[in-house]
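Have the sequence and the 3D view open side by side, and follow along as we go.

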2 protein chains.
Amino acid sequence: MSIQERRERERAEREQLIVTAARALAEAEGWEAVTTRRLAERVEYSQPVLYSHFKGKDAIMAAVAVEGFADLAADLRAARISASDPRHALAEVSAAYADFAERRPALYDAMFSQTVNLPFATPQAPPVLHAAFGELSQALRPHTGDDELGTLTETLWAGLHGLVTLMRGGRLPPEDHERRLALLVNRFSQRSGDPT
Amino acid sequence: MSIQERRERERAEREQLIVTAARALAEAEGWEAVTTRRLAERVEYSQPVLYSHFKGKDAIMAAVAVEGFADLAADLRAARISASDPRHALAEVSAAYADFAERRPALYDAMFSQTVNLPFATPQAPPVLHAAFGELSQALRPHTGDDELGTLTETLWAGLHGLVTLMRGGRLPPEDHERRLALLVNRFSQRSGDPT
DNA sequence: TGCCAACTCTAGCATCGCTAGCACTCCTGT
DNA sequence: ACAGGAGTGCTAGCGATGCTAGAGTTGGCA
């Protein structure tokens with residue numbers, strides 16, 4: 001019994017080692033540099049070991065992506081909490097989102113650009129994913145009614161995602177990033193009541 | 001002289017043949033199915049011929065992308081022209097953009113998702129690229145001042161791009177697409193003056 | 001102590017983008 | 001008309017990719 005447990009524990013540790021190594025390699029040199037051979041060398045095992053843990057390279061990237069969502073959710077939450085006024089939180093959270101994408105491009109790629117087969121807009125989606133989405137929702141709550149909060153969150157998310165991906169692909173001039181971000185946030189802020 | 005011209009003409013025709021075949025193959029089976037071997041077989045030449053026309057596979061994709069921008073610009077223009085009221089054009093053009101991405105996913109990938117090394121936000125960018133961007137700008141013009149038109153166009157574009165890419169990647173539920181699109185357009189419409 | 005099961009590694013497959021070098025074609029000048 | 005030569009397309013192959021089959025070794029159990 002105990003020996004079985006030890007083996008499972010060691011297996012879990014090795015699996016985490018693989019994910020961590022993949023993430024480190026991707027963040028250092030980009031995903032195109034993450035080959036199964038290099039990854040195997042990093043964790044000091046042979047290639048087939050990777051396939052005893054994950055179905056393929058995509059599954060490894062998906063595991064990294066889940067870690068990324070946890071980090072993103074934490075960043076967004078920190079930005080929201082530290083905001084002086086709930087109405088200012090939207091700008092802070094949006095900026096945090098953009099910063100995350102800029103600071104961790106490889107992680108962001110795994111989460112969004114790649115084809116990783118994660119369940120997203122369903123209850124089966126990993127909890128960290130709902131958490132990240134929830135932070136955006138909370139930041140938007142003071143600015144809209146409950147009935148359209150979900151859809152509005154999705155749309156804001158799309159706007160942020162578009163901004164960072166187009167900029168990173170060289171499709172948008174980086175020097176105007178702040179202005180675009182401010183403009184987007186402004187358009188998603190409630191202005192009907194008071195212009196204070 | 002004449003014979004030299006004929007050769008150049010034939011070369012140009014063959015180059016166009018390669019681009020057309022690449023595009024057809026990509027639209028039929030996706031870019032991962034477009035290998036240099038299959039492409040060469042389609043155009044009934046050997047692989048190295050491709051490299052006498054293009055520096056590599058990326059360059060072929062870039063050529064397809066330019067064609068895509070021309071198509072997109074045409075679609076957007078048609079939507080804008082056919083709009084009854086200039087103030088309604090924004091919704092029409094936005095819907096046309098989303099439709100384009102949905103109807104021609106492979107083309108859209110070549111234009112935006114892939115790393116194709118095209119000059120974008122510079123004067124060196126292909127004219128068709130400015131044309132497509134200009135259509136979005138024209139649709140937005142009735143809704144904002146000239147000083148922020150450029151930045152606003154970039155931001156709307158990012159919003160549209162985010163919507164279609166996240167939806168195609170399974171990150172957003174398709175059934176709410178129309179509502180998200182309407183919401184985005186609404187947020188980019190001028191509402192300060194009249195609620196008519 | 002001997003055996004069996006589980007596990008890991010070596011080696012290799014099919015395919016990828018890309019290229020070197022040979023062979024052929026076709027225009028040119030005498 | 002015909003030999004020479006420049007240019008062009010092909011065959012074959014390189015290094016690298018993701019992934020897998022089968023051999024070989026290790027380690028716990030009777």
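## Around DNA strand C

Start with helix 3 of chain A: with 4 residues, this helix gives the most to the surface near DNA strand C. (Helices here are DSSP runs of H or I with at least four residues, strands are runs of E with at least two, and both are numbered from the N terminus; "near" means that a residue's C-beta atom, placed from the backbone, lies within 6 Å of the molecule or strand.) There are 16 residues around DNA strand C, and those that come nearest are Ser46(A), Pro48(A), Thr35(B), Gly56(B) and Lys57(B). Two or more residues each come from helix 3 (47-53) of chain A and from helix 2 (36-42) and helix 3 (47-53) of chain B.

What kinds of residues make up this surface near DNA strand C? It divides into 6 nonpolar, 7 polar and 3 charged residues. For the classes, Ala, Val, Leu, Ile, Met, Phe, Trp, Tyr, Cys and Pro count as nonpolar, Asp, Glu, Lys and Arg as charged, and the others, Gly among them, as polar.

## Where this comes from

Keep in mind that this is a predicted model, where local features need pLDDT of at least 70, side-chain atom pairs count only at pLDDT 80 or more, and totals for chains, interfaces and linings use all residues. Residues are numbered from 1 along each chain as its sequence is written, while chains are lettered from A and ligands numbered from 1 in the order in which they are written.

The predictor gives the complex an ipTM of 0.92 and a pTM of 0.93. Chain A averages a pLDDT (the predictor's confidence in each residue, from 0 to 100) of 92, and 93% of its residues score at least 70. A contact means that the C-beta atoms of two residues, placed from the backbone, lie within 7 Å.

## Around DNA strand D

Now hop over to DNA strand D, which 16 residues surround; the closest are Thr35(A), Gly56(A), Lys57(A), Ser46(B) and Pro48(B). Here the largest share of the surface, 4 residues, comes from helix 3 of chain B. Helix 2 (36-42) and helix 3 of chain A, together with helix 3 of chain B, each supply at least two residues. By class, the surface near DNA strand D has 6 nonpolar, 7 polar and 3 charged residues.

## A look at chain A

Which elements build chain A? It has 9 helices and 0 strands. Its C-alpha atoms fill a box of roughly 65 × 40 × 25 Å, taken along the principal axes.

The domain assignment, which is automatic or from a database, gives domain 1 (1-53) and domain 2 (57-196) in chain A. Their contact takes 10 residues from domain 1 and 10 residues from domain 2. On the domain 1 side, the largest share, 6 residues, comes from helix 1 (residues 2-29).

## Where the chains meet

The contact between the chains takes 26 residues from chain B and 26 residues from chain A. On the chain B side, helix 8 (149-168) and helix 9 (177-187) give two or more residues each, and helix 8 gives the most, with 11 residues. That side divides into 12 nonpolar, 8 polar and 6 charged residues.
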